[in-house]
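Dear colleague,

Please find below the structure that I am handing over to you.

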Amino acid sequence: MNLENRKIAWHRQLNRYHWFVLAVAGLGWLFDTMDQQLFVFARVPAMRELLAVGGVTPAPDVVNYWGGIATSIFLIGWATGGLFFGVLGDRIGRARTMLLTILVYSVFTGFSAFSRNFWDFAIFRFLTGLGVGGEFAVGVALVAEVVPAASRPYALGFLQSLSTVGNITAALVSIGLGFAEESGSLASWSLFGFKLTAWRAMFLLGTVPAILAIVIRGRLKEPERWQAMAAAKDPSKRLGSYRELFGNPKWRKRAMIGMLLATSGVIGLWGIGFFVVDLARSVFASNFRQMAREQGDSQWDRDLCRLALADPLACARQLKSVKPSDLINSVADHPDAEVIWKQIQALSSAGKEVSLVTVLGGLVGKQPREQTEHLSSYLSGDPRLSDPVELEKLIVARSRAINGRLSRWLGIVSIMQNIGGFFGMYLFGFITQRIGRVRAFAIAFFFAAVTTAFVFARLEHLSDVFWMVPIMGYFQFSLFGGYAIYFPELFPTHLRSTGTSFCYNVGRFLAAIGPLTMGYLASSVFKDTSEPLRFSGIAMCGVLLLGILVLPFAPETKDQPLPD
């Protein structure tokens, strides 16, 4: 590396075409990660709608379980697409392959908005994942081969940091749609027979990146290094060959090391870190419902339950339009309104008698004796408000307001996580140039585990979002800045996209067990705790230490040229 160039700021070493390449790759990756994060925001509401039977919202443990499965299917698609498009990037070129990946993830993101049940949603997410997984490897290979060597680690760190801008864009979309949902403006819209809920609108907006493909076509050239390699047609260097990648002991060892490093970080982020949004949803929903109780709003729910028992026919409309999740229990640790309303709806839909005796009779044996007595006491007495239509309006408006407020705060959680992540990934380039790749990874893995466990253990208040979550995001995302810098340095030109993709995406295949494990722990092992996701997240943080165990075998590539 030229010592004179090292004294010049990295961004001043780039010419106009270097900036164009960095911008195109950055926008492709930005939109890619926007799609990923839109899925994180849409996952829970999508599961609630698509898994509902007869209009009855599934229980939280069911939502957590199937949400984990949907995430794993997405990651499997991501990994599959990464392996396929990684090879294609070496064989037909980085620019052509980038065009294809952007088109794939844009189109199938849009199709996700028209899902009718869990399985077609899962198929669309798998197909979206194909494009999402392919973009990273060709993007970093393209930038690594085009920009000057002295600027490479900084440019790649900057490229990776733009992923957080995509995540923040998704968060802003969530916040905007939260306002729209809270105001009721989405309720009047439908598209091809689908009611335009916030999560469907998110996926429709995910089609915007397809416009970038128009910019790429015809203006983006293949790197000179790749063109020379392709033109040489050296029979000893097969472009994009997994056989050659694993047939050479040096490249095989590097591929396995990179894959294990990626597995640890990907599980840390996708199997734990991104679930902080779901944890915040649970914690803040409880906080917002408690605020409503303190304002006396839970009396509306009690009145509606009493009216439905007294005159089911008069409340027939409310039995169909008000969901159990819309209701607020009178006491945080004594579920009453939701349990009773669900039982009333079940009896009504089955054509059975709805009365105090049948409702409580259906709950006997399913609840502790103390809880059954509490439910009986809850239903005794006369309602204060006797107009079921007015009660319906009050309850639905309150539910919409809470959901809208939740959407905004979950957007803020994601923004804070990604602000920390932006600095973590961008600064990794500077840190690794001072202390080396291996040491920088060791520090990042250790503190990612510590800070993630701390957030899952202590996140309680809205104010925690502004300091806990950015610190966690800094270390979680810094690992990915390291992957963008380190993986292209491990492999020669004819295997660079293939090797980088193998590390990153086979890591995702293995990482698919992360969300599944998180969902299993939340729905089974810690099901009876007050916050299942909290304990599940803490239990899984040990996986981040796997990366530290791999580092003694990892080669140091600081200040070394890209292998030819």
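The findings are set out below, beginning with the basis of the model.

This is a predicted model, in which local features need pLDDT of at least 70 and side-chain atom pairs count only at pLDDT 80 or more, while totals for chains, interfaces and linings use all residues. Residues are numbered from 1 along each chain as its sequence is written, and side-chain values use heavy atoms, with hydrogens and water left out.

The structure holds 15 salt bridges (a side-chain nitrogen of Lys or Arg within 4 Å of a carboxyl oxygen of Asp or Glu). One of them pairs Arg496 with Glu145 at 2.8 Å, N to O. This pair links helix H21 (residues 496-511) to helix H5 (residues 118-146), 351 residues apart (helices are DSSP runs of H or I, at least four residues, numbered from the N terminus). Arg496 is buried at 0% relative accessible area (buried means under 20%, exposed over 50%, partly exposed in between, with a 1.4 Å probe and protein chains only). Glu145 is buried at 10%.

Arg398 and Asp301 form another salt bridge, their closest N and O atoms being 2.6 Å apart. Because Arg398 lies in helix H18 and Asp301 in helix H13 (residues 298-310), the pair ties together parts 97 residues apart in sequence. Arg398 is buried at 7%, and Asp301 at 0%.

Lys558 and Asp559 also form a salt bridge, at 2.9 Å between the closest N and O atoms. Lys558 is partly exposed at 23%, as is Asp559 at 27%.

Helix H18 also contains Phe430, which is partly exposed at 31% relative accessibility.

With kind regards

Note on methods:
Helices (H or I, at least four residues) and strands (E, at least two) are DSSP runs, numbered from the N terminus.
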